[in-house]
2 protein chains.
Amino acid sequence: MSNHHSASVPESFPMNCGDGAYSYTKNSVYQKAASDVAKEMVNEAIAEKLEIKILTATSNTLRIADLGCSVGPNTFKAMQNLLQAIERKYQNEGLTSKLPEFQVFFNDHAANDFNTLFASLPPDRQYFATGVPGSFYDRLFPESSLHLVHSSYALHWLSKVPEGLLDKNSPAWNKGKIYHTTASNEVVNAYAAQYIKDMEIFLKARAEEIVVGGLMVLILPGLSDGTHHSRFPAGLIFDFLASSLMDMVNEGLINEAQVDSFNLPVYTPSPKEMALLVERNGCFSVERMELTDPRSNIEGPIDVGKLIMHLRAGMEGVFSKHFGHEIVAEMFERSLQKSAELSSLLESSYTKGTQLFLVLKRK
Amino acid sequence: MSNHHSASVPESFPMNCGDGAYSYTKNSVYQKAASDVAKEMVNEAIAEKLEIKILTATSNTLRIADLGCSVGPNTFKAMQNLLQAIERKYQNEGLTSKLPEFQVFFNDHAANDFNTLFASLPPDRQYFATGVPGSFYDRLFPESSLHLVHSSYALHWLSKVPEGLLDKNSPAWNKGKIYHTTASNEVVNAYAAQYIKDMEIFLKARAEEIVVGGLMVLILPGLSDGTHHSRFPAGLIFDFLASSLMDMVNEGLINEAQVDSFNLPVYTPSPKEMALLVERNGCFSVERMELTDPRSNIEGPIDVGKLIMHLRAGMEGVFSKHFGHEIVAEMFERSLQKSAELSSLLESSYTKGTQLFLVLKRK
């Protein structure tokens, strides 16, 4: 435990606060659609993989953590779904009378708006709620204290911008771009290397915290093996945002150096990359790993306007910290106006699997 | 667990937020002085009463809760002191190599400013920090999940204003007053009855949450057996605030009905009352119970100005909810101007023991 608190604190970019027009609370529709696809898979994972007799052998409490929970409502729905799946499992095994008590740990960066989270906790919840401030790229819980860990759309955030991207003299200098979608191999490699480092820390910390037999359900943006990062939908949108920024550079509204020095600390792993990291860690067995299609739950063509609003809710913080609120508002406005252009780009580059669903069991 | 979330939510009056001039953070000097007196007694309790071998028999984690923690810094100091005392205990028993991991649960109402609390967590803390939103007059934790419970200057808050005080037709109608310091016996009895109800719920909930052998350290304002409530220092200040309010009624600034309908939901038990409640609950043994003198750590005469500022930091919320911010600011200003008068009143009525220190062990 000695260094769980002294490690350098990873950067934090909280979701947009409160419940205003651009808030995360009001713009998490796509995230919800993605979770709905995962919902059935979570239910199956609990039904087939959760060994309730082992997990509650020494205590009558089941401890569940949601890592990168943000402010709701998705985290509440995800937790409710988990609890219902566990209760069904108890029923099916004829153990209804032995139903444990549930303690749910809502985790996100200390800068997350926990006040809003706590104020909006479902009044009819069937669990004891707690908040855990801190980066999941660090120890957050005592050893062997968690039975079930859940994380949805959080594990694509890197702990920091990869090294080299900001260095003019580095081959990975990411000039004029904010992501690696269409960047050089060096830039892509710098991102991948940072992801490997972060995931090593993540898996090591979770291996210490999760009891033997405990499960970890991870849902995050993913890219099918061998697909180039340039075909990742969110990456296309990031490029689009970058082009709006470069338009503003050309109009003299911002300095080009400001764009050069900004890079989104986000990475989208493939199943193969993820499997390798889990294997290298050695403490978890892969119970299920699948690329799914979150769009299958949303009818009709992609609503790019909604998608941009959604990204804004989740990512405005990281942009604003660097560019300031006005520039970022302008960037999103400009991008929204060109959304028809982006729409055809997204449809043409569409790949079926963009959501990685992963169930790991602590060995 | 079925009703731990559905019970009517007790009223919440958060401490003043942030770190401004009237904030709790900047005005908890008297509370700190009171805690300092308790510090040595806490150290003794841990050294003599904590059975570390029993508590960490099944797990290597020691779970500690601070109930009514507010926003710091006192809660951080109290937790640090507890941890140091526990570590000394391990050293003295030659168990240094078996030091457990610590998980600290900071509890207060959901309306408490957890964002400020989390932002100011000591970077060098040797524990895993979590926040638990909710009233301690309700279940907050899974059964048998806590080893050590601490609460300082929180357990004098009632869950609500006692019944009858607001009813014109009740013998306990508390006309023209905001507390029971100089009120009728009926009013005092209504307060005492509410305290009994609340403490019954508190002790029942904690008995379920604390493991057998676990300790509960409670520090709260107390009144020596047989002393009339009119001699309680804070009560004198409440009367003083009420007289400022009545001055404002006479000047037509507020309506008398507004004063009639306001009562501070605070009660100061005597050791005898407390002992009876613990005995009636039946799940705890009294390891120590003592009235102490928090003033012994502060030199010179009472600084009434500071004392009022202190009360303002802790209690402005409950006043403002009823009267509005402007009236309450005016009330505190007027009271500050008359502080010389209050000072002599306080000195003359001074009783030595006003802080109740209690160590209970879960049987």
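**A walk through the model**

Guide: In this predicted model, the lining of the second largest pocket comprises 9 nonpolar, 14 polar and 4 charged residues.

Visitor: What is the volume of the second largest pocket?

Guide: The volume of the second largest pocket is about 610 Å³.

Visitor: And which residues lie nearest its centre?

Guide: Of the 27 residues that line the second largest pocket, those nearest its centre are A:T58, A:S59, A:R63, B:T58 and B:S59.

Visitor: Which helices and strands supply at least two residues of that lining?

Guide: From chain A they are helix 2 (52-55), strand 1 (61-67) and strand 5 (210-221), and from chain B helix 2 (52-55) and strand 1 (61-67).

Visitor: Let us change topic. How many helices and strands are there in chain A?

Guide: Chain A has 11 helices and 7 strands. Of its 363 residues, 59% count as buried. Among contacts between residues at least 6 apart in the sequence of chain A, 84% join residues at least 24 apart.

Visitor: Could you give me an example in chain A?

Guide: A:M246, in helix 6 (residues 233-250) of chain A, is 69 residues along the chain from A:K177, and their C-alpha atoms are separated by 8.8 Å. Apart from neighbours within four places in sequence, A:M246 contacts A:G176, A:E256 and A:V259.

Visitor: Now the largest nonpolar core. Which residues touch the most other members?

Guide: That core holds 147 residues, and A:I178, A:F319, B:I178 and B:F319 touch the most other members. Helix 6 (residues 233-250) of chain B contributes the largest share of this core, 11 residues.

Visitor: What is A:F319 in contact with, leaving aside its neighbours within four places in sequence?

Guide: A:F319 is then in contact with A:I178, A:L241, A:F262, A:L264, A:G324, A:V328 and A:M331. There is also a second, separate core of 74 residues, which includes A:I86, A:F118, B:A38 and B:V211.

Visitor: On to helix 8 of chain B. Which of its residues are buried?

Guide: In helix 8 (residues 271-281) of chain B, the buried residues are B:P271, B:M274, B:L277 and B:V278. Down the axis of helix 8 of chain B, these buried residues fall within an arc of 130 degrees, so they line one face of the helix.

Visitor: What covers them, and what is on the other side?

Guide: The cover over the buried residues includes helix 5 (185-209), strand 5 (210-221), strand 6 (284-292) and strand 7 (355-362) of chain B. On the other side of helix 8, B:K272, B:E279 and B:R280 are exposed. Just after this helix of chain B, B:G282 has a positive phi of about 85 degrees.

Visitor: Which residues other than glycine take a positive phi?

Guide: Among them are A:S70, with phi of about 60 degrees, and B:S144, with phi near 50 degrees. A:S70 is in the loop between strand 1 and helix 3 of chain A, while B:S144 is in the loop between strand 3 (128-133) and strand 4 (146-152) of chain B.

Visitor: Is A:S70 buried or exposed?

Guide: A:S70 is buried, with a relative accessible area of 2%. B:S144 is partly exposed, with a relative accessible area of 45%.

Visitor: Finally, where are there cis peptide bonds?

Guide: One runs from A:G72 to A:P73, with omega near 0 degrees, and another joins B:G72 and B:P73, with omega of about 5 degrees. A:P73 lies in the loop between strand 1 and helix 3 (74-92) of chain A, and B:P73 in the loop between strand 1 and helix 3 (74-92) of chain B.

Methods:
Residues are numbered from 1 along each chain as its sequence is written. Chains are lettered from A and ligands numbered from 1 in the order in which they are written. This is a predicted model: local features need pLDDT of at least 70, side-chain atom pairs count only at pLDDT 80 or more; totals for chains, interfaces and linings use all residues. Side-chain values use heavy atoms; hydrogens and water are left out. A nonpolar core is a set of buried Ala, Val, Leu, Ile, Met, Phe, Trp, Tyr and Cys residues joined through side-chain atoms within 4.5 Å. Buried means under 20% relative accessible area, exposed over 50%, partly exposed in between (1.4 Å probe, protein chains only). Helices (H or I, at least four residues) and strands (E, at least two) are DSSP runs, numbered from the N terminus. Contact means heavy atoms within 4.5 Å. The arc is that of the directions from the helix axis to the C-beta atoms. On a 1 Å grid over the protein atoms alone, a cavity is a set of points where a 1.4 Å probe fits but cannot get out, and a pocket is an open set with protein on both sides within 12 Å along at least five of seven lines; lining residues have an atom within 4 Å of a point. Grid points are joined across faces, edges and corners, and a volume is the space filled by probe spheres set on the points. Ala, Val, Leu, Ile, Met, Phe, Trp, Tyr, Cys and Pro count as nonpolar, Asp, Glu, Lys and Arg as charged, and the others, Gly among them, as polar.
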